Amino acid sequence: MIRQLVNIANNSGQQSQGKQKPLKVTILHPSAGVNWSGGSEIFAIEMTRRLSAYFDVELLSGAECGEFSLKAGGVSRAYTYDLINQPLIKNLVHRFANHPEIIIEHLTNFLPCFSRCLINSTDLIFPCNDYGGLAVAAAVRAIKGTPILYTEHNGLLAQGKCLKRNLYFSPDTLVVFDKKTAAFAHEIKPQQQLNIISNGVDLNRFTPNGTKLNFGLTTPIVLCVASLNRNNHKRVDLAINAVSRLSQVSLLVCGNGPDRDYFQARGDELLGANRFKISTFSFDKMPEVYRSADVFTLPSINEPFSLAYMEAMASGLPVVTTDDEIRRYIVGDSGILCDVTNPQIYADALFQVLKTNWQQKALNNAARFSWDNIALKYRNIILETINRKKEETV
């Protein structure tokens with residue numbers, strides 16, 4: 001990648017020369033490098049890699065995940081999840097918080113991240129870990145005036161609960177994934193600076209070409225990538241019910257979670273061992289997983305902007321999913337959107353996509369979401385945010 005660093009003296013995007021200091025951007029996500037299945041974690045890593053072509057970028061992460069990363073210093077949620085969810089401890093701590101492991105992550109990472117941003121001057125802070133990172137950025141801004149760029153990954157989940165909370169931090173620029181979320185945010189806080197930018201996908205990693213895996217299942221195979229929690233918005237049980245209505249079609253669920261045993265039992269009951277499997281794979285293995293399936297499905301509700309849809313399409317897979325505004329924009333003509341709560345309609349949609357080759361449509365659609373194109377949009381917004389903050393302080 002050719003680096004065209006933007007410097008303080010000239011932020012037009014021309015190649016930095018001599019000893020001029022490039023603009024510095026600090027990205028925060030204490031789970032990045034530890035959790036390779038989370039959308040916001042992948043987003044933070046991809047943004048760091050690509051924005052490094054334009055800025056001096058540092059990612060405060062949970063573990064080493066590239067030459068631009070530095071360990072944040074606190075405890076990542078992944079390290080406390082299993083302990084907190086032990087039966088005796090779970091009954092106690094869940095009385096006070098739904099996700100205590102996230103609260104622990106935010107609390108233990110606040111001081112080291114705050115200190116790093118305060119001591120090592122940065123031109124913009126880009127938190128990617130929800131309110132924990134926003135709290136760090138807001139504290140630094142209160143002292144040094146450093147502007148904040150924030151991308152809302154939860155969208156309108158739970159009636160926009162997270163978005164409402166995060167607007168209290170007043171990021172200098174807020175990025176959302178779609179027009180509906182933008183309208184919601186504007187209604188709550190009309191003066192908030194807003195931009196709409198979609199999520200992205202690495203078109204060099206996710207491709208139909210390359211090695212494939214043998215899952216030991218009857219083909220064709222429907223793939224669902226989701227966390228296994230009966231109480232979340234992924235609704236994996238709907239996919240199991242729909243595929244069970246199709247003879248000789250298998251379902252591979254890629255993911256993990258507290259209710260894995262429940263979903264395993266449900267799949268075994270409705271599909272049997274030769275047509276159902278739950279597996280977990282490393283992030284590096286996911287391109288092979290996608291290209292080894294025949295269709296992708298994720299029957300979630302109020303999905304903000306799942307990377308899984310774009311990774312599937314970039315791998316040449318058609319998508320069958322919930323019919324709503326955001327999925328119409330993401331999936332386009334690369335599959336079928338339907339009422340996934342009706343098992344027969346859902347099953348019919350899966351059957352229809354399996355009858356046709358959708359690969360070229362999927363690839364063409366995925367090309368809209370190239371990380372390189374997305375990063376260029378963020379580059380421009382970062383420059384606008386820094387310049388606007390400077391003008392306000394003059």
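Residues are numbered from 1 along each chain as its sequence is written, and side-chain values use heavy atoms, with hydrogens and water left out. Because this is a predicted model, local features need pLDDT of at least 70 and side-chain atom pairs count only at pLDDT 80 or more, while totals for chains, interfaces and linings use all residues.

Let's start with the open sheet of four strands, ordered 3-2-1-4 and paired in parallel. Strands here are DSSP runs of E with at least two residues, helices are runs of H or I with at least four, and both are numbered from the N terminus. Two strands pair if DSSP finds at least two bridges between them. Strand 3 (69-71) and strand 4 (124-127) stand at the edges with a single partner strand each, so one side of each has no neighbour in the sheet. On average, neighbouring strands of this sheet are turned by 25° against each other, direction ignored. Axes are lines fitted to C-alpha atoms (for helices, over the stretch in contact), and angles run from 0 to 180 degrees between N-to-C directions.

| Strand pair | Bridges | Residues standing opposite |
|---|---|---|
| Strand 2 and strand 3 | three bridges | S61 and K71 |
| Strand 1 and strand 2 | six bridges | I27 and L59 |
| Strand 1 and strand 4 | four bridges | L28 and P127 |

How many residues of strand 1 are buried? Six of the six are, so strand 1 is largely enclosed by the rest of the structure. Buried means under 20% relative accessible area, exposed over 50%, and partly exposed in between, using a 1.4 Å probe and protein chains only. K24, T26 and L28 point one way from strand 1, while V25, I27 and H29 point the other way, and all are buried.

Helix 4 (residues 100-119) packs on this sheet, touching strand 1 (24-29), strand 2, strand 3 and strand 4. Contact means heavy atoms within 4.5 Å. The direction of helix 4 makes about 165° with that of strand 2.

Strand 5 and strand 6 (residues 173-176) are joined in the parallel sense over three bridges, and T151 has V175 as its bridge partner in strand 6.

**Rings and charges**

Rings of Phe, Tyr and Trp (its six-membered ring) pair if their centres lie within 6.5 Å; planes under 30 degrees apart count as stacked, over 60 as edge-to-face and the rest as tilted. By this rule there are twelve aromatic pairs. In one of them, the rings of F215 and F281 have centres 6.2 Å apart and planes at 65°, so the pair is edge-to-face. This pair links distant parts of the chain, 66 residues apart: F215 is in the loop between strand 7 (194-196) and strand 8 (221-225), and F281 in the loop between strand 10 (276-279) and helix 10 (286-291). F215 is buried at 5% relative accessible area, whereas F281 is partly exposed at 27%.

Ring pairs also join F43, F126, W371 and Y378 into a cluster.

A charge sits over a ring if NZ of Lys or CZ of Arg is within 6 Å of the ring centre and within 35 degrees of the ring normal. R230 lies over the face of Y262, 4.2 Å from the ring centre, and the charged end of R379 sits over the ring of Y54, 5.4 Å from its centre.

**Helix 15**

W371, Y378 and R379 are among the buried residues of helix 15, as are I374 and K389. The expected span of a helix is 1.5 Å times one less than its number of residues. For the 23 residues of helix 15 (residues 371-393) that should be 33 Å, and the end C-alpha atoms are 33 Å apart, which agrees.

T219 and P220 are joined by a cis peptide bond, with omega about 5°. P220 lies in the loop between strand 7 and strand 8. D130 has a positive phi of about 65° although it is not a glycine. D130 is found in helix 5 (residues 130-144) and is buried, with a relative accessible area of 15%. R235, also not a glycine, has a positive phi of about 55°, and is in the loop between strand 8 and helix 8 (236-243).
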